[in-house]
Amino acid sequence: MTSPSVTTTEPQAATPASVPLAFSTSAHDAGLLLLRVVLGLTMAGHGTQKLFGWFGGGGLSGTGQFFTASGYPAGNAMAVVAGLTETLGGLGLALGLLTPLAGAAVVGTMINAIAVHGAGAFFAPKGIEYELLLTVAAAAVALTGPGKYAVDRFLPVVRGHRLAHGLLAVALAVVIAGALLLVRN
């Protein structure tokens, strides 16, 4: 017979509250890889449309004319900035390279795309659903980090992704995008 003061303890499984925040599973990492690659290559494709006219894009001259017509000063310069931001930000996301900054590049570009496209409707063809989805996905990756299958894993500065890196990068994107919108007529 056991006394009421004697208790046995058995090992308990880890509860979700006791799992470290940096916990990562193969499924989680594979999902982030898939999201990063598709989002990143989509954005890089958009950037090459602007820079080189690939995939039916307008190239620098056509994109520059679009930016001028949309009220941005120095339309050709804006075409270069947008094209480089989308291409390099997209490739950075796809590779998981400087992920918070790559995600922020996409966020800032897409905030301007939403403003230019207008918020008259949500659903396509005249809505902003596509642009909003790209914006939120890029912000989510910037905040979450790239996962295990990323170049960032080999860079000491961003190896241990921190929420603060993502928050600062997204905040920077919002501020820069807002500044560009302020100079737009």
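Where is the place of Val151? Val151 lies in the loop between α5 (129-144) and α6 (163-183), where helices are DSSP runs (H or I) of at least four residues, numbered from the N terminus. This is a predicted model, in which local features need pLDDT of at least 70 and side-chain atom pairs count only at pLDDT 80 or more, while totals for chains, interfaces and linings use all residues. Residues are numbered from 1 along each chain as its sequence is written, and side-chain values use heavy atoms, leaving out hydrogens and water.

**View 1. A nonpolar surface patch that includes Val151.** Val151 is partly exposed because its relative accessibility is 32% (buried means under 20% relative accessible area, exposed over 50%, partly exposed in between, with a 1.4 Å probe and protein chains only). Together with Leu95, Leu97, Leu98, Leu101, Leu172 and Ile176, Val151 forms a nonpolar patch with about 570 Å² of accessible area (Shrake-Rupley method). Patch residues have over 30% relative accessible area and no salt bridge, nonpolar side chains being joined within 5 Å; a salt bridge is a side-chain nitrogen of Lys or Arg within 4 Å of a carboxyl oxygen of Asp or Glu.

**View 2. The aromatic pair of Trp54 and Phe55.** Rings of Phe, Tyr and Trp (its six-membered ring) pair if their centres lie within 6.5 Å, with planes under 30 degrees apart counted as stacked, over 60 as edge-to-face and the rest as tilted. By this rule the count is five aromatic pairs. The ring centres of Trp54 and Phe55 are 6.5 Å apart and their planes stand at 90 degrees, so this pair is edge-to-face. Trp54 is partly exposed at 47% relative accessible area, whereas Phe55 is exposed at 64%.

Technical notes
Patches are made of residues with over 30% relative accessible area and no salt bridge: like charges are joined within 9 Å, nonpolar side chains (Val, Leu, Ile, Met, Phe, Trp, Tyr) within 5 Å. Accessible areas come from the Shrake-Rupley method with a 1.4 Å probe; for residues, only the protein chains shown count as cover. Helices (H or I, at least four residues) and strands (E, at least two) are DSSP runs, numbered from the N terminus.
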